[in-house]
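Visitor: I would like to learn how to read a model like this one. Where do we begin?

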Amino acid sequence: MATPDDATDDIFLPGGRLRLDLLTASSVDALGEAIRLAQETRWDSVRSPHVFMGLLARPDRSVCLWGQRLQADLPYLLTQFQDLFHQEEGDIEAFLLLNREFLSDNVIRLLREARCRACEHSRKQITPMDILITLLTASKSIVGELFEKVGVTAAKLTEQAVIAEHTSATSEANEARED
């Protein structure tokens with residue numbers, strides 16, 4: 001199994017800042033949205049549902065394809081998650097950054113596992129699908145549990161995400177050859 005070499009290849013810099021060089025631009029955008037949505041829903045830290053909402057708010061091609069495969073309306077799904085995780089109490093102006101201290105333990109584990117997944121697929125950067133698939137396959141994932149309650153299994157979500165990821169990569173490779 002390919003994994004980052006050692007602690008010096010961690011996703012965080014020594015001061016706790018997330019290493020943005022290990023993320024694709026679309027992953028950075030999605031995590032930026034996760035911060036905004038955590039603030040908007042009045043949380044003082046970024047949790048895994050916020051990461052999921054960030055992926056929905058700033059979907060790249062593969063996340064859009066995943067939604068299409070599920071016949072899901074991503075903006076509507078985002079609204080549902082925002083409603084579910086909105087807190088009446090809380091600071092709407094909480095100061096949050098892509099820094100270890102503002103991320104829940106689950107999000108830290110999620111990003112580290114997404115990094116390992118990217119390495120396993122010979123990628124130097126974490127893609128939104130690395131994050132999504134890792135989120136869906138995490139044990140005791142609140143996102144997965146919520147989908148289970150409406151009859152969609154994490155296995156089905158993950159299967160469709162892997163297919164979308166493969167289809168998107170194949171499409172991008174074909175477009176690159178045509179250029």
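Guide: Begin with the surface. This is a predicted model. The protein chain exposes about 9600 Å². Carbon and sulfur atoms supply 50% of that area.

Visitor: What percentage of the 179 residues is buried?

Guide: Buried residues make up 46% of the protein chain. Here, buried means under 20% relative accessible area.

Visitor: How many helices and strands are there?

Guide: Eight helices and zero strands. Along the sequence, the pattern reads α-α-α-α-α-α-α-α. The radius of gyration is 16 Å, close to the 16 Å from the globule rule for 179 residues, so the chain is as compact as a globular protein of that length. Along the principal axes, the C-alpha atoms fill a box of roughly 50 × 40 × 30 Å.

Visitor: Which residues have the most contacts inside the largest nonpolar core?

Guide: First the general idea. In soluble globular proteins, nonpolar side chains tend to be buried together. Now this case. The largest nonpolar core has 48 residues, and F52 and W66 have the most contacts inside it. At least two residues of this core come from each of α1 (25-40), α2 (48-57), α3 (61-70), α4 (74-85), α5 (105-120), α6 (128-137), α7 (142-149) and α8 (154-178).

Visitor: What is W66 in contact with, leaving aside neighbours within four places in sequence?

Guide: Its partners include F52, L56, L74, M129, L132, L157 and Q160. Across the chain, take contacts between residues at least 6 apart in sequence: 69% join residues at least 24 apart.

Visitor: How far apart are the mean positions of the positive and negative charges?

Guide: They are 3 Å apart, for 19 positive and 29 negative charges.

Technical notes. Residues numbered from 1 in each chain as written. Predicted model: local features only at pLDDT ≥ 70, side-chain atom pairs only at ≥ 80, totals over all residues. Heavy atoms only, no water. Helix = DSSP H or I, 4+ residues; strand = E, 2+ residues; numbered from the N terminus. Rg over C-alpha atoms; globule rule 2.2 N^0.38 Å. Buried < 20%, exposed > 50% of the residue type's maximum accessible area, 1.4 Å probe, protein only. Contact = heavy atoms within 4.5 Å. Areas by Shrake-Rupley, 256 points an atom, 1.4 Å probe, with all protein chains shown as cover. Lys, Arg positive; Asp, Glu negative; His and termini not counted. Charge placed at Lys NZ, Arg CZ, Asp CG, Glu CD. Core = buried A, V, L, I, M, F, W, Y, C linked by side-chain atoms within 4.5 Å.
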